[in-house]
Amino acid sequence: MEIVGTGFLARNLRPLADRYPDTVALAAGVSWASGTSDADFAREAVLLRRTALRCAADGLRLLFFSTAATGMYGLAEGPGREDGPVTPCTPYGAHKLALEELLRDTGADHLILRLGHLVGPDQPEHQLLPTLLRQLREGTIRIQRGAARDLIDVTDVVTVVDRLLALDLRAETVNVASGVAIPVERIVDHLQHSLGLTAHRQYQYAGRQHDISIEKLRALVPQVERMGFGPDYYRRILDTFTAGTRV
């Protein structure tokens, strides 16, 4: 598998590099759900179109990583599903949905994975867990009141990607998440307890809370039943995340 990109997700996909020679994984582009410029969005669109057209010409399948986060499903009635209408509620969500349509329009064989919030070592500082950890260490943490996030270990994501690619899926969209949205306050509670830190909490505007449906994922990849997805799954991945950062 050819991996386009050098960032967090691309590095974690490297164990699959010697498999799936008919697949190009586009693991590059915008990974920041807020504060991203139109220029960044435009660069990702150009990269996706160029890569997809190359795949179409060469008979390759393109693996594209979209989002199942709040920006995509935050306005959904009930758990966000791949087969239902989607009304993005942030510029980032609208951008990712537009890229999905762009990819379909190129005619390239493809698999679209809508990801939850990935957790793992050496992830970008602007993502959720590094941001919360940094704020805890600084003594003041900012929380969107009522917000919740679906966390998933990046190693579990790679396992799921491996299983899905082996199914030779084409023109499919699949949510890859734990299926349980954890209130951000509960995430902060666990981090504080694990690290022995305390911080003043500043509450910002109300955040959106939504669940991600993984019904389709469970049907395609029965192995997810052994990954421990459920209400307490987040505790294990937070403990793994903080294991090397205790103070």
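Which residues does Val 158 touch, not counting residues up to four places away in sequence? This tour of a predicted model begins with that selection.

**Stop 1: Val 158**

Select Val 158 together with Asn 12, Leu 13 and Leu 16, the residues that Val 158 touches once those up to four places away in sequence are set aside. Contact here means heavy atoms within 4.5 Å. Val 158 belongs to helix H6 (residues 154-166). Helices are DSSP runs of H or I with at least four residues, strands are DSSP runs of E with at least two, and both are numbered from the N terminus. Val 158 has a relative accessible area of 12% and is therefore buried. Buried means under 20% relative accessible area, exposed means over 50%, and partly exposed lies in between, for a 1.4 Å probe and protein chains only.

Because the model is predicted, local features need pLDDT of at least 70 and side-chain atom pairs count only at pLDDT 80 or more, while totals for chains, interfaces and linings use all residues; side-chain values use heavy atoms, with hydrogens and water left out.

**Stop 2: helices H2 and H4**

Next, display helix H2 (residues 38-58) and helix H4 (residues 91-106), whose axes are 9 Å apart and meet at an angle of about 20 degrees. The angle makes H2 roughly parallel to H4. Axes are lines fitted to C-alpha atoms, for helices over the stretch in contact, and angles run from 0 to 180 degrees between N-to-C directions. Angles under 35 degrees count as roughly parallel, over 145 as roughly antiparallel, 65 to 115 as roughly perpendicular, and the rest as oblique. The crossing of H2 and H4 is right-handed. A crossing is right-handed if the near helix is turned clockwise from the far one by less than a right angle, and left-handed if anticlockwise.

To see the contact, show side chains on both helices. The residues from H2 include Phe 41, Leu 48 and Ala 52, and those from H4 include Tyr 92, Leu 99 and Leu 103. By class, 11 residues of this contact of H2 with H4 are nonpolar, two are polar and three are charged. Ala, Val, Leu, Ile, Met, Phe, Trp, Tyr, Cys and Pro count as nonpolar, Asp, Glu, Lys and Arg as charged, and the others, Gly among them, as polar.

Now centre on Ala 52, in H2. Ala 52 is buried, at 0% relative accessibility. Leaving out residues up to four places away in sequence, Ala 52 touches Leu 62, Leu 103, Thr 106 and Ala 108.

**Stop 3: Thr 70 and the cysteines**

Select Thr 70, in helix H3 (residues 70-73). Thr 70 is buried, with a relative accessible area of 11%. Beyond residues up to four places away in sequence, Thr 70 touches Cys 89, Ala 148, Arg 149, Arg 208 and His 210.

Cys 89 is partly exposed at 22% relative accessible area, whereas Cys 55 is buried at 1%. The structure holds zero disulfides, a disulfide being a pair of cysteine sulfur atoms within 2.5 Å.

**Stop 4: helix H7 and its partners**

Show helix H5 (residues 128-138) beside helix H7 (residues 184-195): the axes are 11 Å apart, at an angle of about 55 degrees. H5 and H7 are therefore oblique to each other. In their contact, Leu 129, Leu 132, Leu 133 and Leu 136 of H5 meet Val 184, Ile 187, Val 188, Leu 191, Gln 192 and Leu 195 of H7. Nine of these contact residues are nonpolar, one is polar and none is charged.

**Stop 5: two loop residues**

Finish with Tyr 20, in the loop between helix H1 (8-13) and strand S2 (23-26). Tyr 20 is not a glycine, yet its phi is positive, near 55 degrees. Asp 122, in the loop between strand S5 (117-119) and H5, also has a positive phi, of about 60 degrees. Tyr 20 is buried at 13% relative accessibility, whereas Asp 122 is exposed at 65%.

Conventions. Residues numbered from 1 in each chain as written.
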